[in-house]
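Subject: Structure for you to look at

Hi,

Here is the structure I promised to pass on. Have it open while you read, and I'll walk you through what turned up.

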Amino acid sequence: MPKFIEKVLRSGEGKKLKNLETRVESVSALEEQMRALSDPDLLSKKADFRQRLANGEAVDDLLPEAFAVVREASRRSLGMRHFDVQIMGGIILHEGKIAEMKTGEGKTLVATLPVYLNALTGNAVHVVTVNDYLAARDAEWMSPVYNLLGLRAGVLQDSMRPPERREAYAADVIYGTNSEFGFDYLRDNMAIRTEDMVQRGHGYAIVDEVDSILIDEARTPLIISGAPEEAASTYYQFASIVPMLRPEQDYEVDEKHRTVAVTEEGVAKVEKALGIENLYESRNGQLVNHLMQALRAHSLFKRDVQYMVKDGSVLIVDEFTGRIMEGRRYSEGLHQAIEAKEKVRIREENQTLATITLQNYFRMYEKLAGMTGTAATEADEFRHIYKLEVVSIPPNRPMVRDDRNDLIYQTKKFKYKAVVEDVADCHERGQPVLVGTVSVEVSEHLSEMLRRRGIDHSVLNAKHHDKEADIIKDAGQKGAVTIATNMAGRGVDIKLGEGVVDQGGLYVLGTERHESRRIDNQLRGRAGRQGDPGASRFYLSAEDDVIRLFAGDRIYNIMEKLGADEDTPMEHKMLTRTVENAQRKVEQQNFQIRKRVLEYDDVMNKQREVIYDQRRKILEGGDISEDVQEIIAAVLADTVETYCERDAYPEDWDWDTMLTTLKSFYEISFSRDDVDIENISQDDLVELVLDDARNQYRRKEEDFSSEHMRELERVVMMGVIDNRWREHLYEMDYLREGIHWRSLSQKDPLVEYKSEGFKIFQELLGSIKEDFVRTIFHMSRVPHDELQARRERELEYSYDDGTASRLPAAAGAGGAAAGASAAAAASGGQAGREGGGAPVVTQMKSNKIGRNEPCPCGSGKKYKKCCGV
């Protein structure tokens, strides 16, 4: 965004802060009054506030008094009184905005203010964290405050079973990761009984480290996936073929956009190796995908950078945190291709069963807020995608950290040499150093260099994450040297040891600029917390990825003009601006990818809304008998009208095909000889068929009993919807995989995807109706318990056999795609939790669609005649 626009948008911040200060004063004015209350009096405030809400007062009217109550409860239970700037942050969060607060400002405590106020409505508040450890820590840490005020805090953990999750969601405030909340939403919409559902609405959410979750992970849809389909041998075969191909001649690599393209010569070599004539024949369609994934695995994905191999498994390393992404896999066969490349056991692909993007999940909340130390650089995206405003809150104490200029070398070799010298100097003086790296590979390379120098140090990366707490605990001690990937950048508080303040505090030394300026700022933020002294500096080289790919030529030209030697660092504003411009280019490219992900995902929003709304209605035990009769009528009438055209003579109608088709739906009781062909019209025939079907259905209901028939209708409809929806997701995955090729014929892939997706969805609705009619008429009497057992067997994957998944999104030719499109697009970017598939899902609306209202799918028909099946 141009700087002058940013200036205009932020011009009112002084006025906002003045207004916040006034509101803080109204909270502080009640402080003495709250201190005079006993613990039981503080507890009783919850009932008082709820009664006032019941009497018509607005939640906003309670804010000053409620915040004062929480401040006093925190002082008593934790010994921590909210600072005025923390009260400001609480106000911003309550208003549904993003509070940008510097690291170390106590954001965990800030959240208790809006949590209490909004929990007074009786709706649960969700507090979203970046990992299970922080969710458990924050819930336990803040529980004394909530307990004193009559609220209960629940926590979600990855290992929890449904009963434990249901208990957690029954609390007033629930702490958990974005993955846990998202997957529970998906599983709720795969449940076979209402008692299997755990969530109770999406009223208000506070997202901690909001930029990490809503920006960095927004390219990563959540996936629940099912049974494997691919054979492992093919992956191994291509893993042995690809190394024989020569770069440039047989295939081309675009590192900047993380794509590969095979040439005709390369295709010819592959065909010869496989012993086939044409790789692109329809029967060889999957082989093309195998080739592309093997090429990506070979040329774009490096061991100990994007992934590591441990105990015979390929584990993905999160590019933003440096942590192992437990249970996560690349999609569309890329992970299997990497496994084949590394010669480890292959876990085969899974089919998408349910999926949602983080953007669409969090846009479901009636009110969404967030907090982080680094949001201003992404304010435009927050506003565009989530309609969230970013408000910067001043620190409680002035920040005195010394952020020094970058030092830029021509090569990595001399850069690392200079890093070691700087670390050795600090170590000798007793100043603790945190060395930040962007990959496991670099952290271990520096560790070896320090070991040779005889410098004691600790390494914190994906290989040693289990020791994180102990390593971080000692990182601020005198003379400590800690090498860490980005995992040390979020939610970590490094406390200074005795005598460290006199040595200048913690020194943060970055060894490379990250793609995102926010990640760099997070690393800097480890030093100088809460007014402590500290310093930070980045050591760069012209060979670093961000600089090489996005500013390499310019950097080299500048260094050449300045006459720099290889071992002489350059320190110049022009160089710093060039590096920052390179980062902005990457940030803008990533924003476009996330935006494109959302545009594709929005295609299925209305579809998912219709399917999930109908499914929930069935699940909650609603009587769908009226809908059933309309479905039967629609399917049978369409059958008659298809083969018996209104304008044709009855004797010319295709009677044989029509009757055969009708028999596939139900056992008809008449034949062509029973019909007066000379005097029958199309309407007469439709009515004859419908009367015949109704009579048979009535007899079936008399045999089964009305109660059993209503249950049978729900179970059959649920099964048909689930089966067809899974097939629909697969079809949409397949469509998305190749839609980018439409750009070659001067067509917009997104427009084409919308058009084709709408047609496929219409076919889905028709097939659901036909399958239901065919099944319900042919069902024999089944005991109630067996009905439930059948559904349970069909959906056991929800927690046991299926896989909760996170997949990477990617940009492709002529546009961008996510999940399933990886076969035809770049598969770079962070990975997700297992499985394969495209991102889909919708915002659930609380307002019921009227049966005579226009159908939300966009067909132009009434809801009852279209999607209201």
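Predicted model: local features only at pLDDT ≥ 70, side-chain atom pairs only at ≥ 80, totals over all residues.

**The big picture**

The protein has 869 residues, and 57% of them count as buried. You'll find 32 helices and 23 strands in it. If you take the contacts with a separation of 6 or more, 76% of them come from residues 24 or more positions apart.

**Back to β19**

Strand β19 covers residues 506-510, and five of its five residues are buried, so the rest of the structure largely encloses this strand. Both of its faces are covered: Leu-506, Val-508 and Gly-510 are buried on one side, while Tyr-507 and Leu-509 are buried on the other.

β19 also has strands to pair with. Strand β16 (residues 433-436) pairs with β19 in the parallel sense, over four bridges. Strand β20 (residues 534-541) is parallel to β19 too, and five bridges link this pair. Leu-509 turns up again here, with Arg-537 as its bridge partner in β20. As a reminder, strands of a sheet pair through backbone hydrogen bonds, either parallel or antiparallel.

**A sheet of seven strands**

Next, find the open sheet with seven strands, which pair in parallel in the order β3-β4-β2-β5-β12-β1-β13.

Val-207 is the residue opposite Gly-370 in β12. Helix α9 (residues 132-148) lies across β2, β3, β4 and β5, and runs at about 165° to β4.

**A buried helix and a buried valine**

Helix α6 (residues 84-94) has ten of its eleven residues buried, so the rest of the structure largely encloses this helix. Among the buried ones are Val-85, Ile-87, Met-88 and His-94. After α6 comes Gly-96, which has a positive phi near 75°.

Val-640 counts as buried, since its relative accessibility is 0%. Setting aside neighbours within four places in sequence, Val-640 is in contact with Met-658, Leu-685, Val-686 and Val-689. Trp-655 is 15 residues from Val-640 in sequence, and their C-alpha atoms are 9.2 Å apart.

**Helices that cross**

Now look at α29 (residues 682-704) and α30 (residues 706-738), which pack at about 115° with their axes 6 Å apart. The two helices are therefore roughly perpendicular to each other. Their crossing is right-handed. On the α29 side you'll see Tyr-697, Lys-700, Glu-701 and Phe-704, and the residues they meet in α30 include Ser-706, His-708 and Leu-712. The contact of α29 with α30 is made up of four nonpolar, two polar and four charged residues.

α30 has another partner in α31 (residues 749-778): their axes cross at roughly 150° and come within 9 Å. That makes α30 and α31 roughly antiparallel. α30 passes α31 in a right-handed crossing. By class, this contact has 16 nonpolar, four polar and six charged residues.

Last stop: most residues other than glycine have a negative phi. Asp-304 is not a glycine, yet has a positive phi of about 65°. Lys-387 is not a glycine either, and its phi is positive at about 55°. Are they buried or exposed? Asp-304 is buried, with a relative accessible area of 18%, whereas Lys-387 is exposed, at 64%. You'll find Asp-304 in the loop between α15 and β9, and Lys-387 in the loop between α18 and β13.

Conventions:
Residues numbered from 1 in each chain as written. Heavy atoms only, no water. Pairing = 2+ DSSP bridges. Contact = heavy atoms within 4.5 Å. Axes fitted to C-alpha atoms, helices over the stretch in contact; angles between N-to-C directions. Buried < 20%, exposed > 50% of the residue type's maximum accessible area, 1.4 Å probe, protein only. Parallel < 35°, antiparallel > 145°, perpendicular 65-115°, else oblique. Left-handed = near helix turned anticlockwise from the far one by under 90°. Nonpolar A, V, L, I, M, F, W, Y, C, P; charged D, E, K, R; others polar.
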